[in-house]
Amino acid sequence: MNTLKITLLQIAPCGTLEENLEKGISSCRKAKELGADIALFPEMWSNGYNIYNRPVDQWKVEAIPAGSEFVNAFGKLAKQLDMAIGVTFLEEYEGGPRNSIVLFDRFGERKITYAKVHTCDFNVERNLTPGEDFYVTTLDTACGEVKVGAMICFDREFPESARILMLKGAELILVPNACPMEINRLSQLRGRAYENMLAIATCNYPDSVPDCNGGSSVFDGVAYLPELDGSRDTCILQTDGAEGIYLAELDLEQLRRYRESEVHGNAFRRPQKYGLLLDHKIEPPFIRNDHRT
């Protein structure tokens, strides 16, 4: 079995950037001891997503460059541990900070720098600069190559996020998160995995962090197997609220066989019928129309 081992670092942040760096490095080392191929942090680890109930100017100064010592330390660590690391941070960026993840491969090479596209503009995240695109990279792991993309928290709410990543070839989507993971949000992740025939790994903060409750998860996207009469549960990991480092084993061979034979993903789409999705002149006949273009 071609098994990709994914660790979700469901850990609580400390009070300073330096302490978060130290705890993050220690947690990655523990992930490697578990045999991890990939370690993923929760959303905005550099400051623990501590942007609520504070003056905007106060937390904006906590933004750090994508090439900062904090971020680069995890690149060096990835090479040292022979393990990919997805580290998250409040990114210093021209025009305003971004909510970002950098994915380093096991050689310490920077493979993806992704900024959250769907910032939560209904609250304090309106002060962040949204990302411009979704990215997929081929990650070289100990069990072979895997195509990996990323989205962040509220991106989950939009089917287009995962759909674009699937169309770009993603087999696995990494999702840093910082919010309560309840049945409906978990159902979104399950749905994104099911409809795109890919795996989705989500890392949240533990329940000791305000407005978070753990519930990190991995859905492998494989709903049907020949030996089963009906569908199967695609959830291969679901954590409770406790702080910890959680390991999921993703069967890549099974996922790839499934994608060759099943009917979801890109198999029977009719994109020529979806033009309305790109028509910015249409006024939706419901609720709100205060979106960004």
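Helix 1 (residues 17–33) lies across strand 1, strand 2, strand 3 (84–91) and strand 12, and runs at about 150° to strand 1. The model is predicted: local features need pLDDT of at least 70, side-chain atom pairs count only at pLDDT 80 or more, and totals for chains, interfaces and linings use all residues. Residues are numbered from 1 along each chain as its sequence is written, and side-chain values use heavy atoms, with hydrogens and water left out.

**Terms for strands and helices**

- Helices (H or I, at least four residues) and strands (E, at least two) are DSSP runs, numbered from the N terminus.
- Two strands pair if DSSP finds at least two bridges between them.
- Contact means heavy atoms within 4.5 Å.
- Angles run from 0 to 180 degrees between N-to-C directions, with axes fitted to C-alpha atoms, for helices over the stretch in contact.

- Six strands in the order 5-4-3-2-1-12 form an open sheet with mixed pairing.
- Strand 5 (110–115) and strand 12 (244–251) are its edge strands, each pairing on one side only.
- From one strand to the next, the twist averages 20°.
- Strand 1 (residues 3–10) and strand 2 (residues 38–40) run parallel and are joined by three bridges; isoleucine 6 has isoleucine 38 in strand 2 as its bridge partner.
- Helix 6 (residues 252–261) lies across strand 1 and strand 12, at about 50° to strand 12.

- Five bridges pair strand 8 (residues 172–176) with strand 9 (residues 199–203) in the parallel sense; alanine 199 in strand 9 is the bridge partner of leucine 172.

**Second largest pocket**

- A pocket is an open set of points on a 1 Å grid over the protein atoms alone where a 1.4 Å probe fits, with protein on both sides within 12 Å along at least five of seven lines; lining residues have an atom within 4 Å of a point.
- The second largest pocket holds about 610 Å³ of space, a volume being the space filled by probe spheres set on the points, which are joined across faces, edges and corners.
- It is lined by 34 residues, and Gly48, Tyr49, Asn50, Ile51 and Tyr52 lie nearest its centre.
- Its lining has 18 nonpolar, eight polar and eight charged residues, where Ala, Val, Leu, Ile, Met, Phe, Trp, Tyr, Cys and Pro count as nonpolar, Asp, Glu, Lys and Arg as charged, and the others, Gly among them, as polar.
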